[in-house]
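Student: Could we go through this structure together, one question at a time?
Tutor: Gladly, let's have a look.

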Amino acid sequence: MTTPVPAISIKGLTKDFAITLRGVKLRAVDDLTLTVEQGQVYGLLGPNGSGKSTTIKVILGLLEATAGEVRVFGVPSHRVESRRNVGYLPEAPYFYRYLSGFELVRFYARVCGVPRAHLEARVKEVVDWVGLSKAADRRVGTYSKGMLQRIGLAQALVHDPKLIILDEPTAGVDPVGSAEMCELILKLKHQGKTVLITSHLLAQIEDVCDQVAILDHGKLIVNGGLLELVGQRDRQALIVDPLSAEDIEALKGWLSTRGHALNAIEQPRSRLDQLFLSKISRPGQNGSQGGVGSNVVPEATPATKTPFNQA
Amino acid sequence: MTADSVPFSFSRLSLIASNTFLEAVRQKLFNFLLLLAIGLVASAQFFREFNFGSSELKFIADFGFGALVFFGSALTITTTAQLFFSEIENRTALTLLAKPIWRSEFVFGKFLGVFAVIGVFCALTIGLMMALLWHREGQLMQINPESFEAGRILQYGDLFMVGVLQWLKFGVLSAIVLLIASFSNTNLYTVVTGFFALVICHLQYLARDSWGNVDSIILRTLVRGLGYIFPNFQLFNLGDEIGVGAGIDPAVFGRITLYAVIYIFVFGGLAVYSFRKREI
């Protein structure tokens, strides 16, 4: 059985930017090597200026590598062919404000070569899926940030790509919009898509990612599976009903006879974002506009599942 | 070409062009300049010389072409620069160029979109001018029939050809501005340099005329080179031929058209080459 080609393969990537006419250069990415396997949700983390967006731009062929090699499904990233199976949602996306949501997604679908016979059905499918069907006739210039992110995701998915790159997809979006974006990413994961995501909101990354890499000053400092990196394999937590002081003492004694120690007693807490989301009315829950569509899959349906990206 | 390669697509090219056209016509600048030009052309009949002769018609035509050249040049430079930099500054180019498209499709799509906008501008301005001339000539034929014994004086086909040549000239200018925009960092720099290029191209014939009089071989070669690099926009000004002698020679029209097309492809090709490596 042959091993599937990695979705993204980066070897020794270095990217310098000239910052003065005398040739002084800023190294944005320094000898980066990492691999994103197909089907993974991969989080690329790091502070501002760590090289995340630069790396993504090199993957998309928008920037040229100073040194090293980047391949997307085995194709060098500077070639146009490498972008055939890629959907991209830029950070804080701006789209043509004079187009409606439908017109915008239709435009990108045609750019990506979605056949005319399936065009309308496919556009409607992804617009429904991101929960914007009721606002899709409005001009994009009237959209909120959360809606812009969702229409951005729709244009990224319209040609049914195998790899989706999301650059700070929840930047500037309220907790509801962020939660919905996470739901969409998890749905993509369940459909076997590969997702590369950058975010400053580490809790969200933790919820959706299988693998993470942390960049600092352009260098890779951490890379691995999420459980390996943040899980404490030598410890366990038991969550029980409230215990009295005597019961706790008895439990400590029982553990000690078996060679274990009770290291901490804490009051479990739910996360603040979970509390927030449970208390406010979310779009879609009361039949109003919005909310991520849950009944329609973004993957091309049998009717529209033609090889757009092999056309 | 491998089975997986992405060929150059005229469909994508026309998509980008039509989107550029749509963006341009929804801009206030286009509507403003169009209204100004149409207003100026229409006002020509109020500033005419009242001698009821052919010179009045010539005056209206000259006034109309003047408005076309002035506002058309301004529209070409500003629209080309604006439509290019709006993609860069609004970061819509990021999303678009992250799709499987060639940068040459992007650059020539932008060019064709702007060229179509200028085409609409020229068609409306020339159309109005021709309608005014036709109307006024009809009035003059009734007032002063002895001056029009041989029928209408103006060759409207010639007027149309001059309009087409102006459109082609604006196409060359747009390609020059795209080349500047392909390496420039700001809209303002592109617009200012575009206006300089316009002036140079209008005065280019002076360089051509003078290279024979320059003694220094180096200077003569330099002047001659500049004469070839910058197109001669005076060639497109055939307005004086209208209503004179046999009018505009179709062979001359064909040669100037070819001249414009060659310059459009050369400057457009250079813009693609420059933009190919541009970091978005």
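Student: At what angle do helix α1 of chain B and helix α5 of chain B pack?
Tutor: Two packed helices are described by the angle between their axes and the distance between the axes. Helices here are DSSP runs (H or I, at least four residues), numbered from the N terminus, and axes are lines fitted to C-alpha atoms over the stretch in contact, with angles from 0 to 180 degrees between N-to-C directions. For α1(B) (residues 10-25) and α5(B) (residues 103-143), the axes lie 7 Å apart and the angle is about 45°.

A word on the source: this is a predicted model, where local features need pLDDT of at least 70 and side-chain atom pairs count only at pLDDT 80 or more, while totals for chains, interfaces and linings use all residues. Residues are numbered from 1 along each chain as its sequence is written, with chains lettered from A and ligands numbered from 1 in the order in which they are written.

Student: Which word describes how α1(B) lies to α5(B)?
Tutor: Angles under 35 degrees count as roughly parallel, over 145 as roughly antiparallel and 65 to 115 as roughly perpendicular, with the rest oblique. The angle here is about 45°, so α1(B) is oblique to α5(B).

Student: Is K252(A) buried, exposed or partly exposed?
Tutor: K252(A) belongs to helix α8 (residues 245-257) of chain A. A residue is buried with 20 or more other C-beta atoms within 10 Å of its own, exposed with 12 or fewer, and partly exposed in between, C-beta atoms being placed from the backbone. K252(A) has 14 such neighbours, so it is partly exposed.

Student: How far apart are K252(A) and L262(A) in space?
Tutor: In sequence, K252(A) and L262(A) are ten residues apart. From C-alpha to C-alpha, their separation is 6.0 Å.

Conventions: Helix = DSSP H or I, 4+ residues; strand = E, 2+ residues; numbered from the N terminus.
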